[in-house]
Amino acid sequence: MESGPPGGSGPAEPGPRLRGLRGADATASASSWSRFGAEAGCRAPAVAAVLPAGGSGERMGVPTPKQFCPILERPLISYTLQALERVSWIRDIVVAVTGENMETMKGIIQRYRHKRISLVEAGVTRHRSIFNGLKALAEDQPNCRLSKPEVVIIHDAVRPFVEEDVLLRVVTAAQEHGASGAIRPLVSTVISPSADSCLDHSLERAKHRASEMPQAFLFDVIYEAYQQCSDYDLEFGTECLHLALKYSHIKAKLVEGSPDLWKVTYKRDLYAAESIIKERISQQVCVVMDTKENEEHVGRCLEEMLKTELNHVKVTSGQDLQQIILEQCYNFVCVNVMTSDFEETQRLLNMLEESNLSILYPVVVISVHFLDYESVPFGQRMEKVMQIREFAKEVKKRNILLSGLLIYFPQEEQKLQESLRQGATIIAALIKDRNSGLIGQLLVA
Ligand SMILES: Nc1ccn([C@@H]2O[C@H](COP(=O)(O)OP(=O)(O)OP(=O)(O)O)[C@@H](O)[C@H]2O)c(=O)n1
Ligand SMILES: O=P(O)(O)OC[C@@H](O)[C@@H](O)[C@@H](O)CO
């Protein structure tokens, strides 16, 4: 069993969250357990998680095992780890990876600052990988800070969209019933073919469900089941709940899961996961502008136009920028009126680089310049504005996607409104698409 970097599998420690949120998240997380636990009449147990991540992803059809395939330049497994790390009452997260991917996994833990992670060798099947993870929790191994939990969550490393709510529900149900698992309605009807590939019978879809993840077990229940498990089940089985029933005689409590619990299996699932992640981090934008009359006016007009494109538009003159960054806004518009200088934008970029906000997700920054660019020789004006290409190349190394937008100003009010509307559309497209191919580009509204 290997731990990640020093402190990798230390005591429960929230994962890579920004300072301001860590407290908030942990408080929310702890209070949700205490609230939920109180309602369910149970106390908070010691909880650990096992993530099988030792597969080859054959159905994905690419050389890279799907758990390491990038989404927005970050490996899929990192999103799942992040989701579990948001839950402060999960004490340890044991990830089963193949020996050949051990260094890759350690690099991911290091780069994305994952905490509470311990690594074990995967097995040749998913059940064997899970079993190895459980052994790491069961046995007091020398120099290992892992200890046996009361409840263990088992969750596929390729299911990134798991929320605290369903984790809380399966753990609470496992405390009471010994085992629990998330289920979803079937999308297609299940049929049973005959030996000659004809329809033998079909199952009534309404009476059946798809077994998803997360699942949770009293540790002794599932560990006992794996210890008694036949080689056939270890080799060909796909259902942990079945092992708990067959070997520990425990009937798992089934809980309804959300639609986002699906497993990334085929390439289309990766595209779907990327669009969900893009949508989640594109919900809000922060408009940074000075309160000088001119700037405030066009900034407010732009704000109004942006509200027709994006759900949440915050405006700041800069004082509360640090808090906005801590609240994990990933999209910024810096308004510059009658100047092609980048001082304001540079100040914002410096704050973003210091904040580590862009470690987990690409941060979009659009430097908007309201410029009377017809009255000054084009070359002279453009020379300064074209600096954006150099800035963009530099900040891309920190996962910040910088592009520029020119809006002719001043101009007759109606034309200005049209430019602002076009500008808002361009800004929304840059935020929603997060295409790193557009960094350093200067767009004109
Ligand atoms: N020997 C294995 C096989 C699978 N898994 C993990 O179990 C989860 C769900 O399995 P699945 O979706 O089948 O992954 P793969 O086996 O990689 O996919 P495929 O069947 O397409 O090869 C994945 O996180 C996978 O990495 C594992 O830990 N050890
Ligand atoms: O069968 P696969 O190896 O593709 O994935 C494992 C899934 O079967 C499993 O995650 C759920 O069905 C719940 O047990």
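Colleague: What is the order of the strands in the open sheet of six strands?
Modeller: Keep in mind that this is a predicted model. The order is β14-β13-β15-β16-β17-β18, and the pairing is parallel. From one strand to the next, the twist averages 25 degrees.

Colleague: What makes β14 and β18 the edge strands?
Modeller: Each of them, β14 (312-316) and β18 (442-444), pairs on one side only.

Colleague: How do you know that strand β13 pairs with strand β15?
Modeller: Pairing takes at least two bridges. Three bridges join β13 (residues 284-288) to β15 (residues 331-337), so the two count as paired. They run parallel, and Val-288 stands opposite Cys-334 in β15.

Colleague: Which strands does helix α14 touch where it packs on the sheet?
Modeller: Helix α14 (residues 387-396) touches β16 (363-371), β17 (400-408) and β18. Its direction makes about 155 degrees with that of β17. Helix α15 (residues 413-433) packs on the sheet too, touching β13, β15, β16, β17 and β18. For α15, the angle with the direction of β17 is about 170 degrees.

Colleague: What does Phe-217 touch?
Modeller: Leaving out residues up to four places away in sequence, Phe-217 touches Val-151, Val-152, Ala-174, Gly-178, Ala-179, Ile-222 and Ala-244.

Colleague: Which residues are around ligand 2?
Modeller: They are Arg-126, Asp-156, Ser-211, Glu-212, Met-213, Thr-238, Glu-239, Cys-240 and Lys-263. Strand β11 (residues 209-218) supplies the largest share of this shell, three residues.

Colleague: How many residues of each class does the shell around ligand 2 have?
Modeller: It has two nonpolar, two polar and five charged residues. Met-213 and Cys-240 go with the nonpolar class, because Met and Cys are counted there.

Colleague: And which residues come nearest to ligand 1?
Modeller: Of the 22 residues around ligand 1, those are Pro-52, Gly-54, Gly-55, Arg-59 and Ser-129. By class, the shell around ligand 1 has seven nonpolar, nine polar and six charged residues.

Notes:
Residues are numbered from 1 along each chain as its sequence is written. Chains are lettered from A and ligands numbered from 1 in the order in which they are written. This is a predicted model: local features need pLDDT of at least 70, side-chain atom pairs count only at pLDDT 80 or more; totals for chains, interfaces and linings use all residues. A residue is near a molecule or strand if its C-beta atom, placed from the backbone, lies within 6 Å of it. Helices (H or I, at least four residues) and strands (E, at least two) are DSSP runs, numbered from the N terminus. Two residues are in contact if their C-beta atoms, placed from the backbone, lie within 7 Å. Axes are lines fitted to C-alpha atoms, for helices over the stretch in contact, and angles run from 0 to 180 degrees between N-to-C directions.
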